[in-house]
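This briefing goes through a single protein chain, topic by topic. Please keep the sequence and the coordinates open while reading.

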Amino acid sequence: MGEKVEEYTYIEILIEDKSGSILVEKIMDKYVCDKQNVTYRIHSFKGIGKIPSKAKGISEIKTKRLLTDLPMYLRGMDLSLRSMPGKKAIFVLLDSDNENCADLKNNLVQMYQQLEIAIQVFFCIAIEEMEAWMLGDREALLNAYPMAKRQLLLKYVQDSIVGTWEILADIVYKGGSQALKKNASSYYEIGMFKCECARKIGMFMDIGRNMSPSFHYFLRKLDDFCGSRI
């Protein structure tokens, strides 16, 4: 009985927006398909926010911004998962945007250490945005969008700081990102476009062939926690 308890693996995943949660759900479904007793749950937020200056003195008022609420969520999940058997961990996924990745990671680790919680937390940062993971699987993108601009896709330098979601829109949206911004009455509609891309491209993604270094960092951390893939 004790041996079976140790084999159970549970992952909580925190992501800054809805399109990211859609994409990561597709990725995780593919990742766990050959694993036994691995389950996960995804929580999506409504933006990135900022890390509170004092993690221990945080408010309990939820803002639905990932970094702003992160200490509260980590502390709460640490308490709720303590009694759960087996292995448990939290994965925090976010975009680097225009921030220095190393500085952002250091700030996150420092905040985690200040909380003095027991739960294991992995911070995985998409460079520059999670749309880079969609662009990292060209075959999946072209299967999802057969009319995509192939030459523009081939010119994209993986995980470069170039306005990644706009590049994706330039490749798959008729008229490109400028047309999308013109046609969208609000950022909500741009968000819906991102969700559509995540759903359609994620469906075809092969997690073993992605060219994004930040995507492979996420997979390596999953392997570190769950055990290497078959």
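In which helix is Asp78 found? Asp78 is found in helix H3, residues 66-81. Helices (H or I, at least four residues) and strands (E, at least two) are DSSP runs, numbered from the N terminus. The model is a predicted one, in which local features need pLDDT of at least 70 and side-chain atom pairs count only at pLDDT 80 or more, while totals for chains, interfaces and linings use all residues. Residues are numbered from 1 along each chain as its sequence is written, and side-chain values use heavy atoms, with hydrogens and water left out.

**Confidence**

- The protein chain has a mean pLDDT of 92, where pLDDT is the predictor's confidence in each residue, from 0 to 100.
- Of the residues in the chain, 93% reach 70 or more.
- Over residues 1-5 pLDDT stays under 50, and the model has two contacts for them beyond four places in sequence; contact means heavy atoms within 4.5 Å.
- Where pLDDT is low, the predicted coordinates should not be read in detail.

**Packing of H8 and H9**

- Two packed helices are described by the angle between their axes and the distance between the axes.
- Helix H8 (residues 164-172) packs with helix H9 (residues 176-183) at an angle of about 100°, and their axes are 6 Å apart.
- That angle makes H8 roughly perpendicular to H9.
- Axes are lines fitted to C-alpha atoms, for helices over the stretch in contact, and angles run from 0 to 180 degrees between N-to-C directions; under 35 degrees counts as roughly parallel, over 145 as roughly antiparallel, 65 to 115 as roughly perpendicular and the rest as oblique.
- H8 contributes Trp165, Glu166, Ala169 and Asp170 to the contact, and H9 contributes Gly176, Ser177, Leu180 and Lys181.
- By class, the contact of H8 with H9 has three nonpolar, two polar and three charged residues. Ala, Val, Leu, Ile, Met, Phe, Trp, Tyr, Cys and Pro count as nonpolar, Asp, Glu, Lys and Arg as charged, and the others, Gly among them, as polar.

- H8 is mostly covered, with seven of its nine residues buried. Buried means under 20% relative accessible area, exposed over 50%, and partly exposed in between (1.4 Å probe, protein chains only).
- The buried residues in H8 are Thr164, Trp165, Ile167, Leu168, Ala169, Ile171 and Val172.
- These buried residues of H8 pack against H5, helix H6 (138-144), helix H7 (150-155), H9 and H10.
- In H9, the buried residues are Gly176, Ser177, Ala179 and Leu180.
- Seen down the axis of H9, its buried residues fall within an arc of 160°, so they line one face of the helix; the arc is that of the directions from the helix axis to the C-beta atoms.
- The exposed residues Gln178 and Lys182 sit on the face of H9 turned away from its buried side.
- H8 and helix H10 (187-204) are among the elements that cover the buried residues of H9.

- Asp78 is buried, with a relative accessible area of 4%.
- Not counting residues up to four places away in sequence, Asp78 touches Ile117, Ala118 and Ile119.
- Met28 lies in helix H2 and counts as buried at 0% relative accessibility.
- Leaving aside neighbours within four places in sequence, Met28 is in contact with Ile11, Ile13, Tyr40, Phe218 and Leu222.
- Met28 and Ile207 are 179 residues apart along the chain, and 9.3 Å separates their C-alpha atoms.

**Loop residue Asp17**

- Asp17 is placed in the loop between strand E1 (9-15) and helix H2 (18-32), and at 23% relative accessibility counts as partly exposed.
- Asp17 touches Ser44 and Phe45, not counting residues up to four places away in sequence.

**Backbone geometry in loops**

- The Ile127 to Glu128 peptide bond is cis, with omega near -10°; Glu128 is found in the loop between strand E4 (120-126) and helix H5 (131-135).
- Asn37, a residue other than glycine, has a positive phi, near 60°.
- Asn37 lies in the loop between H2 and strand E2 (38-44) and counts as partly exposed at 39% relative accessibility.
- Asp97 also has a positive phi in a residue other than glycine, near 50°.
- The loop between strand E3 (87-95) and helix H4 (101-115) holds Asp97, which counts as partly exposed at 26% relative accessibility.
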